Amino acid sequence: MLAARRTLVLGAAAALAGCGFAPRREPELQFRSIALQGFAPDSALAAELKRQLARTPVQLLADANRAEVVLEARDDSRKRSVVASTSVGQVREWQLQLKLDYLLRTPAGEVLLPRSELAMTREMNYTESAALAKEQEEAQLFRSMQADAVAQVMRRLSAVRLPR
(Lines give C-alpha, C1' and ligand atoms only; values in the text may rest on other atoms or scores of the structure.)
Protein backbone atom coordinates (compact mmCIF):
# COMPACT_ATOMS: atom_id res chain seq x y z
CA MET A 1 0.00 0.00 0.00
CA LEU A 2 2.81 2.40 0.92
CA ALA A 3 4.72 1.56 -2.27
CA ALA A 4 1.61 2.24 -4.38
CA ARG A 5 1.14 5.64 -2.73
CA ARG A 6 4.79 6.52 -3.23
CA THR A 7 4.57 5.52 -6.92
CA LEU A 8 1.43 7.63 -7.35
CA VAL A 9 3.06 10.72 -5.76
CA LEU A 10 6.22 10.31 -7.84
CA GLY A 11 4.15 9.82 -10.99
CA ALA A 12 2.16 12.98 -10.31
CA ALA A 13 5.35 14.97 -9.65
CA ALA A 14 6.90 13.68 -12.89
CA ALA A 15 3.76 14.56 -14.85
CA LEU A 16 3.76 18.11 -13.49
CA ALA A 17 7.46 18.54 -14.22
CA GLY A 18 7.01 17.18 -17.74
CA CYS A 19 4.22 19.62 -18.62
CA GLY A 20 6.34 22.68 -17.80
CA PHE A 21 4.65 23.42 -14.49
CA ALA A 22 6.87 25.33 -12.09
CA PRO A 23 5.96 27.16 -8.90
CA ARG A 24 5.89 30.93 -9.21
CA ARG A 25 9.25 32.47 -8.37
CA GLU A 26 10.14 35.93 -7.21
CA PRO A 27 10.89 38.23 -10.15
CA GLU A 28 14.58 38.79 -10.79
CA LEU A 29 15.34 42.50 -10.87
CA GLN A 30 18.31 43.70 -12.94
CA PHE A 31 19.24 46.65 -10.72
CA ARG A 32 20.82 46.85 -7.28
CA SER A 33 18.90 49.71 -5.64
CA ILE A 34 15.57 51.48 -5.92
CA ALA A 35 13.86 54.46 -4.32
CA LEU A 36 10.13 55.04 -4.02
CA GLN A 37 8.86 58.58 -4.53
CA GLY A 38 5.48 60.25 -4.62
CA PHE A 39 3.63 57.78 -2.40
CA ALA A 40 1.65 59.11 0.57
CA PRO A 41 3.44 58.49 3.90
CA ASP A 42 0.69 56.08 5.02
CA SER A 43 0.22 54.38 1.65
CA ALA A 44 -0.70 50.71 2.04
CA LEU A 45 0.36 50.14 -1.56
CA ALA A 46 3.85 51.51 -0.86
CA ALA A 47 4.10 49.35 2.27
CA GLU A 48 3.22 46.22 0.27
CA LEU A 49 5.69 47.20 -2.45
CA LYS A 50 8.42 47.62 0.19
CA ARG A 51 7.59 44.17 1.59
CA GLN A 52 7.90 42.60 -1.85
CA LEU A 53 11.15 44.43 -2.60
CA ALA A 54 12.55 43.23 0.75
CA ARG A 55 12.20 39.66 -0.56
CA THR A 56 14.66 40.46 -3.37
CA PRO A 57 18.36 41.35 -3.21
CA VAL A 58 17.53 44.92 -4.31
CA GLN A 59 18.30 47.58 -1.72
CA LEU A 60 15.51 50.06 -0.96
CA LEU A 61 16.96 53.55 -0.49
CA ALA A 62 15.30 56.66 0.91
CA ASP A 63 17.51 59.03 -1.12
CA ALA A 64 16.42 58.96 -4.77
CA ASN A 65 19.72 60.50 -5.90
CA ARG A 66 21.70 57.49 -4.61
CA ALA A 67 19.41 54.81 -6.09
CA GLU A 68 19.96 53.20 -9.48
CA VAL A 69 16.25 53.55 -10.34
CA VAL A 70 13.36 55.58 -8.94
CA LEU A 71 9.77 54.35 -8.94
CA GLU A 72 7.75 57.55 -8.97
CA ALA A 73 4.05 57.42 -8.10
CA ARG A 74 2.00 60.13 -9.79
CA ASP A 75 -1.26 58.92 -8.26
CA ASP A 76 -1.82 56.33 -5.55
CA SER A 77 -5.47 56.41 -4.57
CA ARG A 78 -8.41 54.39 -3.31
CA LYS A 79 -11.98 55.37 -3.91
CA ARG A 80 -15.40 54.07 -2.95
CA SER A 81 -18.51 55.21 -4.79
CA VAL A 82 -22.19 54.29 -4.72
CA VAL A 83 -23.35 52.16 -7.65
CA ALA A 84 -26.90 51.39 -6.53
CA SER A 85 -29.20 52.68 -3.82
CA THR A 86 -32.80 52.22 -2.76
CA SER A 87 -35.56 54.78 -3.25
CA VAL A 88 -35.01 55.98 0.33
CA GLY A 89 -31.29 56.48 -0.21
CA GLN A 90 -29.87 53.36 1.40
CA VAL A 91 -26.73 52.09 -0.31
CA ARG A 92 -27.11 48.66 -1.92
CA GLU A 93 -23.87 48.39 -3.87
CA TRP A 94 -20.42 50.03 -3.71
CA GLN A 95 -17.74 50.24 -6.35
CA LEU A 96 -14.20 50.07 -4.95
CA GLN A 97 -11.38 51.49 -7.05
CA LEU A 98 -7.64 51.31 -6.61
CA LYS A 99 -5.44 53.37 -8.91
CA LEU A 100 -1.67 53.57 -9.30
CA ASP A 101 -0.18 55.88 -11.91
CA TYR A 102 3.61 55.54 -11.96
CA LEU A 103 6.80 55.65 -13.98
CA LEU A 104 10.30 54.29 -13.53
CA ARG A 105 13.27 56.55 -14.13
CA THR A 106 16.92 56.99 -13.30
CA PRO A 107 17.91 59.68 -10.78
CA ALA A 108 19.08 61.77 -13.77
CA GLY A 109 15.53 61.68 -15.20
CA GLU A 110 15.93 59.12 -18.00
CA VAL A 111 12.63 57.22 -18.29
CA LEU A 112 13.03 53.44 -18.11
CA LEU A 113 9.31 52.57 -17.95
CA PRO A 114 6.94 55.17 -19.37
CA ARG A 115 4.06 56.44 -17.32
CA SER A 116 1.69 53.54 -16.67
CA GLU A 117 -1.64 53.38 -14.95
CA LEU A 118 -2.99 50.40 -13.05
CA ALA A 119 -6.69 50.74 -12.29
CA MET A 120 -8.62 48.02 -10.53
CA THR A 121 -12.29 47.92 -9.72
CA ARG A 122 -14.41 45.62 -7.59
CA GLU A 123 -18.12 45.81 -6.85
CA MET A 124 -19.53 44.90 -3.48
CA ASN A 125 -23.13 44.40 -2.32
CA TYR A 126 -23.97 46.25 0.87
CA THR A 127 -26.58 45.92 3.60
CA GLU A 128 -26.88 48.07 6.71
CA SER A 129 -27.64 45.03 8.86
CA ALA A 130 -24.19 43.57 8.11
CA ALA A 131 -22.19 46.81 8.22
CA LEU A 132 -19.25 45.42 10.22
CA ALA A 133 -18.89 42.34 8.02
CA LYS A 134 -19.13 44.50 4.89
CA GLU A 135 -16.42 46.81 6.26
CA GLN A 136 -14.14 43.79 6.65
CA GLU A 137 -15.07 42.58 3.17
CA GLU A 138 -14.17 46.01 1.77
CA ALA A 139 -10.77 45.93 3.48
CA GLN A 140 -10.15 42.42 2.10
CA LEU A 141 -11.09 43.50 -1.44
CA PHE A 142 -8.72 46.48 -1.24
CA ARG A 143 -5.91 44.19 0.05
CA SER A 144 -6.55 41.81 -2.84
CA MET A 145 -6.43 44.62 -5.42
CA GLN A 146 -3.30 45.99 -3.77
CA ALA A 147 -1.54 42.60 -3.91
CA ASP A 148 -2.49 42.26 -7.58
CA ALA A 149 -1.20 45.77 -8.37
CA VAL A 150 2.11 45.12 -6.59
CA ALA A 151 2.55 41.80 -8.41
CA GLN A 152 2.02 43.58 -11.74
CA VAL A 153 4.52 46.31 -10.82
CA MET A 154 7.09 43.70 -9.77
CA ARG A 155 6.68 41.84 -13.09
CA ARG A 156 7.16 45.09 -14.98
CA LEU A 157 10.23 45.95 -12.90
CA SER A 158 11.73 42.55 -13.72
CA ALA A 159 11.54 43.40 -17.44
CA VAL A 160 13.59 46.60 -17.04
CA ARG A 161 17.13 46.57 -18.39
CA LEU A 162 19.38 49.45 -17.38
CA PRO A 163 21.30 51.27 -20.09
CA ARG A 164 25.04 50.60 -19.79
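Which residues in α2 meet which residues in α3? Keep that in mind while we get our bearings, and remember that you are looking at a predicted model.

**Start with the whole chain**

Show the chain as a cartoon and colour it by secondary structure. Follow the chain along its sequence and the pattern reads α-β-α-β-β-β-β-α. Take the contacts between residues at least 6 apart in sequence: 69% of them join residues at least 24 apart.

**Next, select the two helices**

Pick residues 44-54 for helix α2 and residues 131-158 for helix α3. Two packed helices are described by the angle between their axes and the distance between the axes. Here the axes come within 10 Å and cross at roughly 50°. That angle makes α2 oblique to α3. As for handedness, α2 passes α3 in a right-handed crossing.

On the α2 side, select Ala44, Leu45, Glu48, Leu49, Arg51, Gln52 and Leu53. They meet Gln146, Ala149, Val150, Val153 and Met154 in α3. Sort this contact by class and you get eight nonpolar, two polar and two charged residues.

**Step off the end of α2**

Now click on Thr56, which sits in the loop between α2 and β2 (59-61). Is Thr56 buried or exposed? With a relative accessible area of 11%, Thr56 is buried. Zoom in on its side chain, which reaches the backbone oxygen of Leu53 at 2.7 Å. Then look beyond the neighbours within four places in sequence: Thr56 is in contact with Pro27, Leu29 and Met154. You have already met Met154 as one of the α3 residues in the helix contact.

**Last stop: a strand**

Select residues 91-105, which form strand β4, and go to Arg105. How is Arg105 placed, buried or exposed? Its relative accessible area is 14%, so Arg105 counts as buried. Which side chain does Arg105 join in a polar contact of 2.7 Å? Show Gln37 and you will see the partner: the two side chains are joined by that contact.

To finish, display the rest of the surroundings. Not counting residues up to four places away in sequence, Arg105 touches Gln37, Val69, Val70, Glu72, Glu110, Val111 and Leu112.

How values were computed:
Residues are numbered from 1 along each chain as its sequence is written. This is a predicted model: local features need pLDDT of at least 70, side-chain atom pairs count only at pLDDT 80 or more; totals for chains, interfaces and linings use all residues. Side-chain values use heavy atoms; hydrogens and water are left out. Axes are lines fitted to C-alpha atoms, for helices over the stretch in contact, and angles run from 0 to 180 degrees between N-to-C directions. Helices (H or I, at least four residues) and strands (E, at least two) are DSSP runs, numbered from the N terminus. Angles under 35 degrees count as roughly parallel, over 145 as roughly antiparallel, 65 to 115 as roughly perpendicular and the rest as oblique. A crossing is left-handed if the near helix is turned anticlockwise from the far one by less than a right angle, and right-handed if clockwise. Contact means heavy atoms within 4.5 Å. Ala, Val, Leu, Ile, Met, Phe, Trp, Tyr, Cys and Pro count as nonpolar, Asp, Glu, Lys and Arg as charged, and the others, Gly among them, as polar. Buried means under 20% relative accessible area, exposed over 50%, partly exposed in between (1.4 Å probe, protein chains only). A polar contact is a pair of N or O atoms within 3.5 Å; within protein, one must be able to donate a hydrogen and the other to accept it, and residues adjacent in sequence count only if both atoms are side-chain atoms.
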